[in-house]
Amino acid sequence: MEKPVIELFYSPLCPTCPEAKNIAREVIETKDVSYEEINILADDGMERSKAYNIKGVPYIVINGKVHISGVPSQERLENAISDSMENN
């Protein structure tokens, strides 16, 4: 089974992004996942966010399919990752 890929899109100007990052970092400590934080103001981040049609941050993409907009609860993120592992 492949590791789930978690992409967290953020902006340094976003007031709620640090909270989303902290929740994601806590959750991934207990999971075997690939995790990346992507700054949407950087050229690469801007291109990648366009590919997912992201209109606001924070925004989490799991395996390129599951999308979570806003700051998720720890439980919601854990469940989304677990579901993606079962459906892989």
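How many salt bridges does the count come to? Six, by a rule that asks for a side-chain nitrogen of Lys or Arg within 4 Å of a carboxyl oxygen of Asp or Glu. The points below take up these pairs and what surrounds them.

1. Basis. This is a predicted model, in which local features need pLDDT of at least 70 and side-chain atom pairs count only at pLDDT 80 or more, while totals for chains, interfaces and linings use all residues. Residues are numbered from 1 along each chain as its sequence is written, and side-chain values use heavy atoms, with hydrogens and water left out.

2. Helix H1. Helices (H or I, at least four residues) and strands (E, at least two) are DSSP runs, numbered from the N terminus. H1 covers residues 17-28. The expected span is 1.5 Å times one less than the number of residues. For the 12 residues of H1 that gives 16 Å, and the end C-alpha atoms are 16 Å apart, so the two agree.

3. The buried side of H1. Buried means under 20% relative accessible area, exposed over 50%, and partly exposed in between (1.4 Å probe, protein chains only). Cys17, Ala20, Lys21, Ile23, Ala24, Val27 and Ile28 of H1 are buried. They cover an arc of only 165° around the axis, which puts them on the same side of H1. The arc is taken from the directions from the helix axis to the C-beta atoms. Their cover includes strand E1 (5-10), strand E2 (34-39) and helix H3 (74-86), with contact meaning heavy atoms within 4.5 Å.

4. Lys21. This residue is on the list of buried H1 positions, with 15% relative accessibility. Lys21 forms a salt bridge with Glu37, the closest N and O atoms being 3.9 Å apart. Lys21 lies in helix H1 and Glu37 in strand E2, so the pair ties together parts 16 residues apart in sequence. Lys21 also lies over the face of Tyr10, at 3.6 Å from the ring centre. The rule for that asks for NZ of Lys or CZ of Arg within 6 Å of the ring centre and within 35 degrees of the ring normal.

5. Glu37 again. Glu37 also forms a salt bridge with Arg25, with the closest N and O atoms 2.9 Å apart. This pair links strand E2 to helix H1, 12 residues apart. Both residues are partly exposed: Glu37 at 24%, Arg25 at 37%.

6. Other charged pairs. Asp32 forms a salt bridge with Lys3, the closest N and O atoms being 3.6 Å apart. Asp32 is in the loop between H1 and E2, Lys3 in the segment before E1, 29 residues apart. Asp32 is partly exposed at 48%, and so is Lys3 at 46%. Glu7, Glu36, Asp44 and Arg48 are linked in a network of salt bridges.

7. The aromatic pair. A search of the whole structure finds one. Phe9 and Tyr52 are edge-to-face, 5.8 Å centre to centre with 75° between the planes. Rings of Phe, Tyr and Trp (its six-membered ring) pair if their centres lie within 6.5 Å; planes under 30 degrees apart count as stacked, over 60 as edge-to-face and the rest as tilted. Phe9 is in strand E1 and Tyr52 in the loop between helix H2 (43-51) and strand E3 (59-62), 43 residues apart. Phe9 is buried at 0%, whereas Tyr52 is partly exposed at 24%.
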